[in-house]
Amino acid sequence: MHSNSRGDASPRSLFVSAQDGLRLHVREYGSQTAPLVPVVCLPGLTRTVSDFDVLAQVLANAGAASGAPRHVVAIDSRGRGESEYDKNPENYNVATELGDVVTVLAALGIGQAVFVGSSRGGILTMLLAATQPAFIAGAILHDIGPVIEPQGLVRIKSYAGKLPQPRNYNEGAEILGGLFGAQFPKLTSTDWLAAAKRTWKTADGALVPTYDVRIAQTLADLDIDHPLPTMWDQFDALASVPVLVVRGAKSDLLSAETVAKMKDHHPGMEVIEVPDEGHVPLLVGKGLLQKIAAFVAACDAAASRPSPSSVPPRFGVGLERR
């Protein structure tokens with residue numbers, strides 16, 4: 001076990017032991033001792049760190065020319081990506097996953113960061129702000145807010161853990177295009193193929209989802225006639241830090257009306273609406289990436305980040321690099 005002193009932003013994997021011993025995968029970009037405020041990326045319900053690969057490399061490299069690179073990490077929630085699957089699917093809940101995030105932050109010596117929370121990752125970001133606000137230097141809520149539209153959740157419930165098993169990635173691309181083409185009408189066949197490679201992985205000679213399908217049990221009790229409780233108190237916990245919302249114009253999970261109310265609660269909040277994309281918009285494209293990078297850079301000035309040496313990695317919680 002050793003700290004990372006490499007200055008390049010190529011991705012590397014490390015593993016952290018959760019409080020219950022489960023092995024959590026983290027993808028790391030840039031140096032842990034980089035001088036700028038780090039960025040922590042949290043994926044959606046059935047998503048993985050691969051959703052952030054383009055953005056993470058842009059952010060880690062943004063200040064490299066001036067000698068000020070940035071440390072960026074993305075965390076696979078338990079049961080997703082390269083993180084270990086939980087023997088008890090009841091542990092796929094936001095309380096346990098929030099504890100996992102805090103454990104990873106401690107293991108990496110991250111005292112404060114800008115959080116990029118995609119869908120469920122944004123829920124975790126708001127919960128972290130409400131429970132341990134000192135961690136938050138800024139927040140990017142990726143197509144999520146304090147009001148979650150029930151029709152969007154019903155749509156997610158209809159496919160989470162139930163995707164057909166494709167024979168190959170091209171067939172997977174066709175499946176995804178058929179399911180999500182209405183929300184993403186401008187995506188090309190190349191885009192859908194890339195999405196398929198983020199959705200399935202090869203195991204024992206077959207393509208399987210990149211997540212534990214038992215995660216779908218978290219939606220089992222969803223009732224469209226009984227919407228989820230709102231999270232305005234948790235969102236308001238972000239009032240003292242910069243907030244950026246990235247919304248897909250065709251999103252069925254975050255409404256334009258909710259975004260307008262979020263602006264009322266947080267007048268300084270910035271909003272980017274991505275045209276012709278639904279939940280969640282892709283974090284790609286030069287224009288979008290530049291706007292996100294500019295927001296993250298603006299968070300540096302407002303942050304009170306301890307120096308890396310003052311928040312040492314806690315190797316005792318189980319940190320393994322490879």
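Here are some questions and answers about a predicted model.

Reader: Before we start, what kind of model is this, and which pLDDT do side-chain atom pairs need?

Author: Residues are numbered from 1 along each chain as its sequence is written, and side-chain values use heavy atoms, with hydrogens and water left out. It's a predicted model in which local features need pLDDT of at least 70, totals for chains, interfaces and linings use all residues, and side-chain atom pairs count only at pLDDT 80 or more.

Reader: How many helices and strands are there in the protein?

Author: Both come from DSSP runs, numbered from the N terminus: helices are H or I with at least four residues, strands are E with at least two. On that basis the protein has 9 helices and 11 strands.

Reader: What share of the protein's residues count as buried?

Author: Buried means under 20% relative accessible area, exposed over 50%, and partly exposed in between, using a 1.4 Å probe and protein chains only. The protein has 322 residues, and the buried share is 53%.

Reader: What span should helix α5 have, and how far apart are its end C-alpha atoms?

Author: The expected span of a helix is 1.5 Å times one less than its number of residues. Helix α5 covers residues 169-180, which makes 12 residues, so it should span 16 Å. The end C-alpha atoms agree with that, being 16 Å apart.

Reader: Which residues of α5 are buried, and what covers them?

Author: The buried ones in α5 are E171, G172, A173, I175, L176 and F180. Contact here means heavy atoms within 4.5 Å. The cover over those buried residues includes α4 (150-159), α6 (189-199) and β7 (200-203).

Reader: At the start of α5, which backbone nitrogen does a side-chain oxygen of N168 reach?

Author: A polar contact is a pair of N or O atoms within 3.5 Å; within protein, one must be able to donate a hydrogen and the other to accept it, and residues adjacent in sequence count only if both atoms are side-chain atoms. The N168 oxygen comes to within 3.2 Å of the backbone nitrogen of N170.

Reader: How many aromatic pairs does the structure hold, and which one links distant parts of the chain?

Author: Rings of Phe, Tyr and Trp (its six-membered ring) pair if their centres lie within 6.5 Å; planes under 30 degrees apart count as stacked, over 60 as edge-to-face and the rest as tilted. The structure holds 2 such pairs. One of them is edge-to-face, with 4.9 Å centre to centre and 80° between the planes of Y159 and F180. Its partners are 21 residues apart and link distant parts of the chain: Y159 in helix α4 and F180 in helix α5.

Reader: Where do W232 and F235 lie, and what angle is there between their planes?

Author: Both lie in helix α7 (residues 232-236), 3 residues apart, which is about one turn of the helix. W232 is buried, as is F235. Their rings form an edge-to-face pair, 6.0 Å centre to centre, and the angle between the planes is 85°.

Reader: Which strands does β9 pair with, and in which sense do they run, parallel or antiparallel?

Author: Two strands pair if DSSP finds at least two bridges between them. In strand β9 (residues 243-248), 6 of its 6 residues are buried. V243, V245 and R247 point one way, and L244, V246 and G248 the other. The strand is joined by 4 bridges to β6 (residues 136-142) and by 5 bridges to β10 (residues 270-274), and these run parallel.

Reader: What is the bridge partner of H142 in β9, and which side chain makes a polar contact with H142?

Author: H142 is found in strand β6 and is buried, with a relative accessible area of 3%. Its bridge partner in β9 is V246. The side chain joined to H142 by a polar contact of 2.9 Å is that of S118.

Reader: D143 or D204: which is buried and which is exposed?

Author: D143, in the loop between β6 and α4, has a positive phi near 60°. D204 sits in the turn of the hairpin that β7 and β8 form, with a positive phi of about 55°. At 0% relative accessibility the buried one is D143, whereas at 85% relative accessible area the exposed one is D204.
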